Amino acid sequence: MKILMVCLGNICRSPLAHGVLQHFANRKGLAWTVGSAGTGNWHVGAPPDHRSIAIAKEYGVDISEQRAQQFDSHHFDEYDHILVMDRENLRNVLAKAKTPEHRTRVQLFLPDGEVPDPYFDDGLFDPVYQLVATRCEELVREWSKNKQSSRRKIE
Ligand code: 4NP
């Protein structure tokens, strides 16, 4: 199974979700490949923000080797699930869908809300890490037992 995490810059939130879910999946012996991308192109080729690298490291996850890429429509064919951090990401990703089936691959990372953007607030990196890690634990639990139930169509 392949999962793509998407935020705006691909340097703060989605690299954390990418690294943490891959780490948890590996620990459980699941053959999952996790990636990440940003809807914007400003940071393409750059490593994650130093504050995301630091908070992940504090919890034993190394995200320093990741490099930012921009989300594009070819990702719909490469990934089974595309999980977006906020509703603006959701609009921008869905705008690139070329088929109704593409749309079924996209959902909010948090079922009932958004992951706040910590870019302008140093104090948000720890709470964002906690949100991301809690949801990644849930995803591993839910999707390792029943993958089909995880697909949700967004109208
Ligand atoms: P991210 O955070 O979407 O979580 O990676 C941001 C990173 C960079 C910018 C905005 C948000 N930026 O404006 O450069």
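With which side chain does the side chain of Ser 36 make a polar contact at 3.0 Å? The partner is the side chain of Asn 10, a polar contact being a pair of N or O atoms within 3.5 Å, where within protein one atom must be able to donate a hydrogen and the other to accept it, and residues adjacent in sequence count only if both atoms are side-chain atoms. The model is predicted, with local features requiring pLDDT of at least 70 and side-chain atom pairs counted only at pLDDT 80 or more, while totals for chains, interfaces and linings use all residues. Residues are numbered from 1 along each chain as its sequence is written, and side-chain values use heavy atoms, with hydrogens and water left out.

Ser 36 belongs to strand S2; helices (H or I, at least four residues) and strands (E, at least two) are DSSP runs, numbered from the N terminus. At 5% relative accessibility, Ser 36 is buried, where buried means under 20% relative accessible area, exposed over 50%, and partly exposed in between (1.4 Å probe, protein chains only). A second polar contact, at 2.9 Å, joins the side chain of Ser 36 to the side chain of His 18. When neighbours within four places in sequence are left aside, the contacts of Ser 36 include Leu 4, Met 5, Ser 14, Pro 15, Gln 66 and Gln 69, contact meaning heavy atoms within 4.5 Å. Between the C-alpha atoms of Ser 36 and Arg 13, which are 23 residues apart along the chain, the separation is 9.5 Å.

Asn 10 is placed in the loop between S1 and helix H1 (13–27). Its relative accessible area is 3%, so Asn 10 is buried. Most residues other than glycine have a negative phi. Asn 10, although not a glycine, has a positive phi of about 60°.

Asn 10 is also one of the residues around the ligand, together with Cys 7, Leu 8, Gly 9, Ile 11, Cys 12, Arg 13, His 43, Asp 117 and Tyr 119; a residue is counted here if one of its heavy atoms lies within 4 Å of the ligand. This shell divides into five nonpolar, three polar and two charged residues. In that division, Ala, Val, Leu, Ile, Met, Phe, Trp, Tyr, Cys and Pro count as nonpolar, Asp, Glu, Lys and Arg as charged, and the others, Gly among them, as polar. From the side chain of Arg 13, a polar atom lies 2.8 Å from an oxygen atom of the ligand. Of the 360 Å² of accessible area that the ligand has on its own, the protein covers 89%, the areas coming from the Shrake-Rupley method with a 1.4 Å probe, and for residues only the protein chains shown count as cover.

Ile 11, Cys 12 and Tyr 119 are also among the contacts of Asp 49, as is Phe 125, once neighbours within four places in sequence are left aside. Asp 49 is in the loop between strand S2 (33–38) and helix H2 (50–58) and is buried, with a relative accessible area of 10%. By contrast, Asp 122, in the loop between S4 and helix H6 (125–145), is exposed at 57% relative accessibility. The side chain of Asp 122 makes a polar contact of 2.7 Å with the side chain of Arg 51.

Met 85, in the loop between S3 and H4, is buried at 1% relative accessibility. At the start of H4, a side-chain oxygen of Asp 86 comes to within 3.1 Å of the backbone nitrogen of Glu 88. Within helix H4 (residues 87–94), the buried residues are Asn 89, Leu 90, Val 93 and Leu 94. Viewed down the axis of H4, these buried residues fall within an arc of 125°, so they line one face of the helix; the arc is that of the directions from the helix axis to the C-beta atoms. Their cover includes strand S1 (2–7), helix H3 (74–78), strand S3 (81–84), helix H5 (100–104) and strand S4 (106–108).
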